[in-house]
Amino acid sequence: MNKTAIIYSFNTKKTGKVAERIRENFNDDQVEMVNAEEINEEVFMSFDQIIMGVATWFDGELPNFWDEFVPALEDLDLKGKKIALYGLGDQKGYPENFLDGMGVMAGILEEQGASLVGFTSIEGYEFESSKALRGEQFAGLAIDYENQGSMNKERIAVWVDQLKKEFS
Ligand SMILES: Cc1cc2nc3c(=O)[nH]c(=O)nc-3n(C[C@H](O)[C@H](O)[C@H](O)COP(=O)(O)O)c2cc1C
């Protein structure tokens with residue numbers, strides 16, 4: 001069976017909660033939880049399928065721990081690697097940079113040849129601009145805990161169903 005990782009910071013509460021819920025929606029033994037704060041190239045490349053949790057911090061930027069891994073990512077050949085992103089952002093607080101972190105990460109992975117999966121509709125969100133846009137879709141699952149937390153459960157369940165198809 002193909003190995004799947006959910007890579008996220010074990011020190012983040014909201015991103016961590018979403019990771020747990022994603023895992024619940026897969027069969028437990030299919031996915032491994034990996035701490036983004038301790039990630040290295042070897043561990044990253046050992047998975048066939050990767051789900052990455054990427055919140056937006058600092059007005060449109062990546063969290064520090066992801067930023068620190070970017071130089072390593074930029075050296076990797078990710079052709080054929082299936083990667084799905086989930087992003088956390090606040091569309092009311094940061095409407096001009098909504099989910100930019102996920103967009104920045106998507107751009108780096110695309111550049112390295114990864115096959116990004118798990119794109120979702122922008123319907124149901126209100127914002128002004130976002131680097132996470134790819135055409136009329138987000139380059140991953142868009143989670144807004146601050147304003148739409150009650151929708152997380154449903155959004156995650158639908159997304160994992162989509163991933164099960166796109167990962168196979
Ligand atoms: C200082 C600060 C800056 C933020 N900047 C952005 C931003 O530019 N765009 C956005 O969509 N969300 C932004 N957010 C919202 C966070 O992405 C959101 O709260 C997310 O749930 C944080 O997840 P985490 O605590 O698991 O890292 C910001 C939050 C804080 C506290």
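Author: Start with helix H1. H1 gives the most to the lining of the largest pocket, with three residues. Keep in mind that this is a predicted model.

Now the pocket itself. The largest pocket holds about 330 Å³ of space. It is lined by 19 residues, and Ala55, Thr56, Trp57, Leu88 and Glu146 are the closest to its centre. Two elements each give two or more residues to this lining: helix H1 (13-25) and helix H5 (145-148). Sort the lining by class. The largest pocket has eight nonpolar, six polar and five charged residues.

Next, the ligand. The ligand sits in this largest pocket. Around the ligand there are 17 residues. Those that come nearest are Thr15, Thr56, Trp57, Gly60 and Glu146. Thr56, Trp57 and Glu146 are also among the residues closest to the centre of the largest pocket. Seven of its residues are nonpolar, six are polar and four are charged.

Take Trp57. One of its polar side-chain atoms lies 2.9 Å from an oxygen atom of the ligand. Go on to Gly60. Here the backbone takes part: a polar backbone atom of Gly60 is 2.6 Å from an oxygen atom of the ligand. Then comes Asp90. A polar backbone atom of Asp90 is 3.1 Å from an oxygen atom of the ligand. How much of the ligand does the protein cover? On its own, the ligand has 640 Å² of accessible area, and the protein covers 78% of that.

A search of the whole structure finds one cavity of 30 Å³ or more. The volume of the largest cavity is about 30 Å³. Its lining is made of Ser9, Thr12, Thr15, Gly53, Ala55, Trp57, Pro63 and Phe65. Thr15 and Trp57 line the cavity, and both come among the nearest residues to the ligand. Ala55 lines the cavity too, and Ala55 is one of the residues closest to the centre of the largest pocket.

Last, the second largest pocket. Its volume is about 210 Å³. The residues that line it are Phe119, Thr120, Ser121, Glu123, Tyr125, Leu141, Glu154, Arg155, Val158, Trp159 and Gln162. Strand E6 (120-121) and helix H6 (152-167) are the elements that give two or more residues to this lining. H6 gives the most, with five residues. The classes here are five nonpolar, three polar and three charged.

How values were computed
Residues numbered from 1 in each chain as written. Predicted model: local features only at pLDDT ≥ 70, side-chain atom pairs only at ≥ 80, totals over all residues. Heavy atoms only, no water. Near = heavy atom within 4 Å. Polar contact = N/O pair within 3.5 Å; in protein donor to acceptor, adjacent residues only side chain to side chain. Areas by Shrake-Rupley, 256 points an atom, 1.4 Å probe, with all protein chains shown as cover. 1 Å grid on protein atoms, 1.4 Å probe; cavity = no way out; pocket = protein on both sides within 12 Å on 5 of 7 lines; lining within 4 Å. Sits in = over half its atoms within 2 Å of the grid points. Nonpolar A, V, L, I, M, F, W, Y, C, P; charged D, E, K, R; others polar. Points joined across faces, edges and corners; volume = space filled by probe spheres on them. Helix = DSSP H or I, 4+ residues; strand = E, 2+ residues; numbered from the N terminus.
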